[in-house]
Amino acid sequence: MGVYAVTGSASGMGRAVVEKLTAAGHTVIGVDVQAAEVVADLSTAEGRGHAVREVLAQAGGRLDGAVLAAGVGPTPGAERLPVIGAVNYLGVVELLDGWRAALAASGRAKVVVFGSNSTTTTPAVPRRTVGALLSGDVDKAVRSVRLFGKGAAPIMYAGSKIAVTRWARRHATTTDWAGAGIRLNVLAPGAIMTPLLEKQLATPLEAKTVRRFPVPVGGFGDAGQLGDWVVFMLSDSADFLCGSVVFVDGGSDAYFRPDSWPRSVPVTRLARYAWRFLRYPGNR
Ligand code: NAI
């Protein structure tokens, strides 16, 4: 039986994951702002530092896996923008940086980061928003979305999820992660019925957008089913899954972007491709 850290353990999909792991006999160290083994506010540097240290202490320095589900939705309000960036991006990457050695100690750890299908279905997210977050500068990211006025929150939200997804894919294949036996992957849900979505549906303007959003299979996703996907991505079946983004979104991503991916390496990127190809150390 393993020891798993789960952020966002008090609600929605994080809670569903905790229930499934616990029912299977695993030990779970939950991290949340309330009702968790580790109570920490991931929107602050102190809270993130506390979460890193306290989980390591409770786990005894060895983790079989981690699920990064804590997140805040695209709630409108200028004061929410830094919180979205801090929780959804820094609340993942700072924790994983801090836990990496403990994950490596297990020899076969699995990590699931919660992304979102907003990454591929939200138009016009500025590159500099994503770039600012990837360099850890939340204030700069907030400044980059101010021009969207009242519509800034969904852009900041999608930007935070694009950044965290790219961070995961950049790190997943490196010697520090893949080479250390850690499988790092991203789950990208569509609209799933959880308190986060309920909050959006309770706001008339947001509700209109959510309900009009094309979902080919119809309706909303189920938190328990998403929990099953996470448990599968934590299992031995995921030994060969590395840096993947798994969309479970009722078909919205495929509907909007059928031809965006898979795509051959463009001619303009051939030099970079060749460089990566030639310098790869090989593992056989
Ligand atoms: P939820 O609102 O039910 O649960 C999120 C959890 O994160 C809550 O327990 C909350 O207390 C915790 N959290 C929020 N701010 C925090 C902070 N500052 N410090 C510590 N914990 C904090 O949300 P849900 O829907 O289960 O979302 C889970 C993940 O899935 C999130 O990352 C979300 O962005 C993502 N997602 C959700 C979708 C949906 O439709 N529900 C769609 C796509 C992605």
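Where is the place of Pro262? Pro262 sits in the loop between helix 11 and helix 12. The views below show a predicted model, in which local features need pLDDT of at least 70, side-chain atom pairs count only at pLDDT 80 or more, and totals for chains, interfaces and linings use all residues. Residues are numbered from 1 along each chain as its sequence is written, and side-chain values use heavy atoms, with hydrogens and water left out.

**View 1. The cis peptide bond at Pro262.** Trp261 and Pro262 are joined by a cis peptide bond, with omega about 0°. Helices (H or I, at least four residues) and strands (E, at least two) are DSSP runs, numbered from the N terminus.

**View 2. Strand 4 and its two partners.** Strand 4 covers residues 65–68. Gly65 and Val67 point one way from strand 4, Ala66 and Leu68 point the other way, and all are buried (under 20% relative accessible area; exposed is over 50%, partly exposed in between, with a 1.4 Å probe and protein chains only). In a regular strand the side chains alternate between the two faces of the sheet. Strand 1 (residues 3–7) runs parallel to strand 4 and is joined to it by four bridges; two strands pair if DSSP finds at least two bridges between them. Val6 stands opposite Val67. Strand 5 (residues 110–114) also pairs with strand 4 in the parallel sense, over four bridges, and here Gly65 stands opposite Lys110.

**View 3. The β-α-β unit.** Strand 4, helix 3 (residues 81–106) and strand 5 make a right-handed unit. Right-handed means that, with the strands pointing away from the viewer, the path from the first strand over the helix to the second runs clockwise.

**View 4. The largest pocket.** The volume of the largest pocket is about 2,900 Å³. Among its 44 lining residues, Arg169, Arg170, Gly243, Trp261 and Arg276 are the closest to the centre. Elements that give two or more residues to the lining include helix 7 (152–172), strand 9 (245–248) and helix 12 (270–279). The lining divides into 17 nonpolar, 13 polar and 14 charged residues. Ala, Val, Leu, Ile, Met, Phe, Trp, Tyr, Cys and Pro count as nonpolar, Asp, Glu, Lys and Arg as charged, and the others, Gly among them, as polar. On a 1 Å grid over the protein atoms alone, a pocket is an open set of points where a 1.4 Å probe fits, with protein on both sides within 12 Å along at least five of seven lines; lining residues have an atom within 4 Å of a point. Grid points are joined across faces, edges and corners, and the volume is the space filled by probe spheres set on the points.

**View 5. Aromatic pairs.** The structure holds four aromatic pairs (rings of Phe, Tyr and Trp, its six-membered ring, with centres within 6.5 Å; planes under 30 degrees apart are stacked, over 60 edge-to-face, the rest tilted). Trp167 and Trp177 form an edge-to-face pair, 5.9 Å centre to centre with 80° between the planes. Trp167 is in helix 7 and Trp177 in the loop between helix 7 and strand 6 (183–189), 10 residues apart. Trp167 is buried at 7% relative accessibility, and Trp177 is buried at 2%.

**View 6. Two alanines with positive phi.** Ala35, in the loop between strand 2 (27–32) and strand 3 (38–39), has phi near 45°. Its relative accessibility of 67% counts as exposed. Ala124, in the loop between helix 4 and helix 5, has phi near 65° and is exposed at 58%.
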